[in-house]
Amino acid sequence: MSIRRRLLGFFARRPAAGAWALLGPGLLWLLLFFAIPLAVLIGYSVLHRGTYGGVSPGFTLEHYRRFSDPIYLAVAARTLRIALATTGLCLLLGYPVAYVIARAGRWRNALLFLVILPFWTSFLVRTYAMIVLLRTGGVINSVLMGLGVTGAPLDLLYTPGAVVAGLVYGYLPFMILPIYASLERLDLDLLDAAEALGARAWSRFRRVTLPLSLPGVAAGSLLVFIPALGAFLTPDLLGGAKTMMLGNLVQNQFGPARNWPFGSAVSFALMVVVFAGLMVWLRVRDAEGEA
Amino acid sequence: MTRRLPGWLVALVTGVFVLLHLPVLVLVAYSFNASRYSADWSGFTLHWYARLLERPDILRALRLSLTVATVATVLATVLGTLVALGLARSGFRGKRMVEGGLYLPIVTPEIVTGISLLILFVAVRVPLGVGTVIVAHTAFCLPFVAVVVLARLRGMDRSLEEAALILGADEATAFRRVTLPLLAPGIMAGALLAFTLSLDDFVITFFVAGPGGTTLPVLVYSMVRRGIEPTINAVSAVLVLLTSLTVALAARVGGERGA
Amino acid sequence: MPELPPIVEFRQVSKSFGEARAVDAVSFAVRPGEFFSLLGPSGCGKTTTLRLLAGFETPDDDGGEVRIDGEVVNRRRPYERRIGMVFQSYALFPHLSVERNVAFGLEEHRIPPTEIPGRVERAPGLVRLAPATYARRKPHQLSGGQRQRVALARALVLEPTILLLDEPLGALDLKLRKEMQLELKTLNRQLGMTFIYVTHDQEEALAMSDRIAVMSAARVAQLGTPAEIYENPRTEFVAQFIGEANLFGGVAGRAGGGAGGLRPILQADGRDLLVPDHPGLREGTEVRIAVRPEWLDLCAPGEVPPGENALPGTVGDVIYLGETMHVVVTLAAGARVRVALRNEGQLLNPLRWTRGDAVMVAWRPEDCQVLEPA
C-alpha cells in the first residue's frame, strides 16, 4: 500500500485527528494574533500605569474602579444612548425596506444588490462623505441656505446627531438583510390563510408577518447594536471632542492620555458587552434553526 | 405576488435607498467640482485627479494597500478554507466551541482588536510596518473566509464525496475532483470579501501600521484630520472605483464559471 | 444445487454514534445474485447497515465483522471494496456532464482513455436515453427519472459484483416508480449482480425482493422471503409494518384442548379462539395472534362454518378499494377489525352487508399467526 493511501487511511479512521490537522494552522494564527493579544490586553488592565505609556508591574483593580468616575460614566451612558438610537432608527428605516424587497418580485435581486452595494465601499470613505454633506460649508447647508430655509449655516457636524446619522448610514444594511431573510422565508399561504379567516391587511401584518419576522429583527438589531457600541471612526470624525464614545476613550488612553492599563480595562469591558451580545445572537440563531 | 404595496411604503423605501447612496454619489460628483472651498458647483474639472499623480505618498499608499490586500487575502483564504473543511467534518470534541469562537474576531470592536495587537507587537518588540499590517489583516479576514466557505460546505450534499469514494477515488482525489470544484464559488466569495475588507480597513491598520505601513485608508484619514480639501474627494473616488472593479471582476469570473 | 457461500455477511455487527446504537448485533448473509432488501421505518438502522457495507461507516471496535466474499472488510475504505452504489439523492456530480459522471469511475479505475467512451455508451440503464440528448447535459437539466437512470448507469458501468441501492425510487412519482421497480428486477436477473436494496416501502420490498430483512430499533426483526414475512410474521411489529393485521390476545389454554394439533386461546369474555399449536406456547401465558384482513370472512349469525373461530360484531364503515372491499367491524368486545372481501362487482353483485348489520367475523384456525412476545 502506498504511503499516500496509508496516510489517508490513518485520517479516515481518526476523523478528529483529520479535523484538527485542517484546523491547526488557521487556529494557530488566530491564537497568536487574536486570542493572545486579547489575553495580554486583559492582563494589562490589572497592572499599574507606566510613566511614559506602557505598564509597570504590580496588581491593581484601580482602573476598573475608575469606571465610577462621573466623566467616564457619562461616556458610557452616551455610548449606550447613541447605540440604542442607532439601532432604533435602523429598525424603523430597515424593516419597511426589507418588507418591500421581500415582496418585490422580479425587482428583488436588483434591490438586494442596492442594499449590499455600500458594503463594497470603504467605511472610511462613507464616513468622510457624511462630512462633505454635513459640514458648515457642506452640501446640506448650501442647499438649505440656497432655498432660504435658514439664513446662517446650521451646526450639523460634531453633534451626537451626526454620529447617529453616520452610524445608521454605515450599519443599515446589517439590519435590512436578516429581516429580509426571515420575511423571504415566510410562506405566503399563511397570509392567504389569515385573509380567509377574515384578517384585514394591518391585522395580517401584526398577527402573522411581524411575529414570524421577529428572529430577523433580533439578529439585525444585534448586528447593528454591537458594532455601534464599539464604534471608533464615526464618533472620531463626526462627533468631535464633546461626543466621545467608549471607542474614542480607549484610543485616547493609548494616545495622549498615556494610560494603557485604563485603556485596556475599558477595552475589556467593551469586549464583555460584545461577547454577551454574541452569545444572545448564537442563541437566537440556534433557536431559529430548530424551528 | 398579487398584493399591491401601499404608496406611502414605496415612497418611504425609495427615500431610504436615496439616503443609502446619496452621500457617496455626492462625494464622487464633487471630486469633479472646480470650487476649492464651497459646496457650490463651479464647473467640471479633472484638476484634483491630476493633483493625485503629483503626490508620491498617495501612489505609495495605493501600492501598499494593494500589496497588503493581495498577500493577506491569499493567506486568509488558504487558512480560512482549511478551518472550514475541518469544521465540516463529523463531530469532534470542542467543535461547537471552535465554531462559536470564529465569530468572536468578527464581532470584536475593531478598536479593541487593533489596540491589543499593538500591545502585543510592542511587548515582544516587533517593529511596526508592512509585516505587522499583513499579519493583522490575515487575522481579521480569516474568520470571514471560514464562515463563508463553511456555509457553502454545509449546503453541499455529503453523498457527492461518498459517491466519488465508492466509484474508486481515494479521499485526496475525491477532494480534488469533487469537493474543490463545488466549493470554488464559496472560496472565491470568501477571497473577495477578504480582499475588500483588507483594502478598506482603517481602524486596525491605524494601530499596527507604524511609519512604514501607511495604507491608502490611513493616509486618507490623516488628510481628513488635517483639513477638508478636494484632493480627498478624488482619492475617495479612486478607492470606491477600486473596490467596485474588484467586485465587478469577481462577478465576471464567477459568472463565467457558473455558465 | 449446493448452497453458494454468501457474498456478503454481517456477523453480530454493531455501530454506535455517541451513546446511541444505530445498528445492534445485526447478522445476516446474502447469497450471490440475490435481490436482498433491508426494510424498516426511518431510524431503524437500515441505512447505517448499508453504509457499513459501503465502507462509509466503520463498525464499533468490538462490533462484529462485515464480510465481502468471505473476507473481513471492517477497516477497508469504500474505494477498496469494488461495490457499486445508487444514492437516495442520486449524488450526481453537478459540475460534470452526464457523460463525465458515468466516466468518473472508469477514469478512477485507470481504464485506458480510448475505451472509456465506448463503455459509457454501452452502460446498462443508459440504453433508454438517446446519447445525443444526455451526453453533454448537466444533471440539473435532466428529469428525476433520467437522473435516476444516470446514477444507475454510473454505478453499473464499473460492473461491480454488488450493487447497493439506498431508497433510489423515493423521489419518483408512482407510475415511474412501478416502471423502475420492474426494470431493476430485470437488471438484477440479467446481470447476475447481487442487489442490496434499502427501502421503507413495504410494497416495494415485497414486489422486488428475493429475501427481506425487516429491521426495527437497530435490529433485524425478521428475515425471510416476501411470502414468509407476510404470511408468517413473527412479531407484532412485523405483522403491522408489512401489510395490515388484526391482533387478538388471550391466555394460552391446555395443549390438546382442541382437535388436530390446535390449542385454545382463552379470551376474557369466554369466547375461546383456536390456533395452531406452537412450541413457544405454554399454558397460562399471554399470547398475541395476528390475522390478515383477507383471512377473515363475514357470515350471518348462525351461519358460521363448523370448526371456525367466530366473534360477533356490528358492521361499521365499508371501504371501496377497487380489487377488494374493506369492512370495518366493531366486535362485541370493543375492538375493531378489518375484513377484506373480494369485490365481486358492486354494480351487479352488491355486498351483502351494510352499516349496522349484526355479523360474525370468522376464520379458520390455521389462518392465523401466533406472535412471539415482544
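Modeller: Gladly! Helices (H or I, at least four residues) and strands (E, at least two) are DSSP runs, numbered from the N terminus. This is a predicted model, where local features need pLDDT of at least 70, side-chain atom pairs count only at pLDDT 80 or more, and totals for chains, interfaces and linings use all residues. Residues are numbered from 1 along each chain as its sequence is written, chains are lettered from A and ligands numbered from 1 in the order in which they are written, and side-chain values use heavy atoms, with hydrogens and water left out.

Colleague: How many helices does chain A have?

Modeller: Chain A has two strands. Its helices number 13.

Colleague: What radius of gyration does chain A have?

Modeller: The radius is taken over C-alpha atoms, and the globule rule is 2.2 Å times the number of residues to the power 0.38. For a compact globule of 291 residues that would be near 19 Å. The C-alpha atoms of chain A fill a box of roughly 85 × 70 × 35 Å along the principal axes. The radius of gyration of chain A is 25 Å.

Colleague: What percentage of the residues in chain A is buried?

Modeller: Buried means under 20% relative accessible area (1.4 Å probe, protein chains only). Among the 291 residues of chain A, the buried share is 48%.

Colleague: In chain C, which residue of β14 is the bridge partner of Gly249(C)?

Modeller: Strands β11 (246-252) and β14 (286-291) of chain C run antiparallel, joined by six bridges; two strands pair if DSSP finds at least two. In β14(C), Gly249(C) is partnered by Arg288(C).

Definitions and conventions
Buried < 20%, exposed > 50% of the residue type's maximum accessible area, 1.4 Å probe, protein only.
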